[in-house]
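Please look at the sequence and the model first, and then read the points below alongside them.

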Amino acid sequence: MRVVGKVAAVAIVAGLGIAGSVQAADDPIAVRQDIMSSVGAAAGLGGGMMKGQLDYTPAAGKAAIAAMNAAAVSFGSFFPAGSDQGDTGALPAIWENADGFAAELAKFSAATGKAMEASGKDGPADLDAFKAAMGPVFGTCKSCHETYRKKN
């Protein structure tokens, strides 16, 4: 039942992220942070299943993939000029190399789109199918963070 709690957490965080985004539509940094919170929850769920720390279920796999896909298709819209100032983990490289950042976002979107397609209506049938779908998604996260995210 540990997976059910994590799935609920992903759904709640994703829902809060959407609600927070609506309230903070004039604050792109807040919106980006909300979206990345949903990605973090999905990564925690997906990574936990991939590492065997959480039991795998197709519904949980689908929830993690769907949250990543929702982020991938929306995230790039929240980097207008001037939003590099303030409490942000975004590096200036995003605005200095907008084409490179757009290419990273395109890779993220393509990977999550393929994962959504591979997961079907009910989610990947087993852990191996989930790993095959989600592995490339995690690879795009790492690639983008290395260049465009401040190190903590």
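Among contacts in the chain between residues at least 6 apart in sequence, 81% join residues at least 24 apart, where contact means heavy atoms within 4.5 Å. This is a predicted model, in which local features need pLDDT of at least 70 and side-chain atom pairs count only at pLDDT 80 or more, whereas totals for chains, interfaces and linings use all residues. Residues are numbered from 1 along each chain as its sequence is written, and side-chain values use heavy atoms, with hydrogens and water left out.

**Overall make-up**

- The secondary structure of the chain amounts to six helices and zero strands, and from the N terminus on the elements run α-α-α-α-α-α; helices (H or I, at least four residues) and strands (E, at least two) are DSSP runs, numbered from the N terminus.
- Of the 152 residues of the chain, 39% count as buried, a term that stands for under 20% relative accessible area, with exposed set at over 50% and partly exposed in between (1.4 Å probe, protein chains only).

**Helix α5 against helix α6**

- Helix α5 (residues 98–119) and helix α6 (residues 127–148) pack at an angle of about 165 degrees, with their axes 8 Å apart; axes are lines fitted to C-alpha atoms, for helices over the stretch in contact, and angles run from 0 to 180 degrees between N-to-C directions.
- The two helices α5 and α6 are therefore roughly antiparallel to each other, given that angles under 35 degrees count as roughly parallel, over 145 as roughly antiparallel, 65 to 115 as roughly perpendicular and the rest as oblique.
- In passing α6, helix α5 makes a left-handed crossing, which is the label used if the near helix is turned anticlockwise from the far one by less than a right angle, with right-handed used if clockwise.
- On the α5 side the contact is made by G100, F101, E104, K107, F108, A111, T112, A115 and A118, and on the α6 side by A133, P136, V137, T140, C141, S143, C144 and Y148.
- By class, the residues of the contact of α5 with α6 divide into eleven nonpolar, four polar and two charged, where Ala, Val, Leu, Ile, Met, Phe, Trp, Tyr, Cys and Pro count as nonpolar, Asp, Glu, Lys and Arg as charged, and the others, Gly among them, as polar.

**Helix α3 and its two partners**

- The axes of α2 and α3 come within 9 Å and cross at roughly 150 degrees, and that makes α2 roughly antiparallel to α3.
- Helix α2 passes α3 in a left-handed crossing, in which I35, S38, V39, A42, A43, L45, G46 and M49 of α2 meet A60, G61, A64, A67, M68, A71 and S74 of α3.
- The contact of α2 with α3 has eleven nonpolar, four polar and no charged residues.
- Helices α3 and α5 pack at an angle of about 145 degrees, with their axes 9 Å apart, and their crossing is left-handed.
- Residues making the contact include K62, I65 and M68 of α3 and F108, T112 and M116 of α5, and the whole contact of α3 with α5 divides into nine nonpolar, five polar and one charged.

**Nonpolar core**

- Of the 32 residues in the largest nonpolar core, M49, M68, F101, F108, F130, M134 and V137 touch the most other members; such a core is a set of buried Ala, Val, Leu, Ile, Met, Phe, Trp, Tyr and Cys residues joined through side-chain atoms within 4.5 Å.
- The elements that give two or more residues to this core are α2 (28–50), α3 (58–74), α4 (93–96), α5 and α6.
- Not counting residues up to four places away in sequence, F101 touches F75, F79, I94, C144 and Y148.

**Individual buried residues**

- E104 lies in helix α5 and is buried, with a relative accessible area of 11%; leaving aside its neighbours within four places in sequence, E104 is in contact with T140, S143, C144 and Y148.
- The C-alpha atoms of E104 and T147, which are 43 residues apart along the chain, are separated by 9.6 Å.
- V39, in helix α2, is buried with a relative accessible area of 8%, and V39 is in contact with M68 and A71 once its neighbours within four places in sequence are left aside.
- S83 has its place in the loop between α3 and α4, and at 4% relative accessibility S83 counts as buried.
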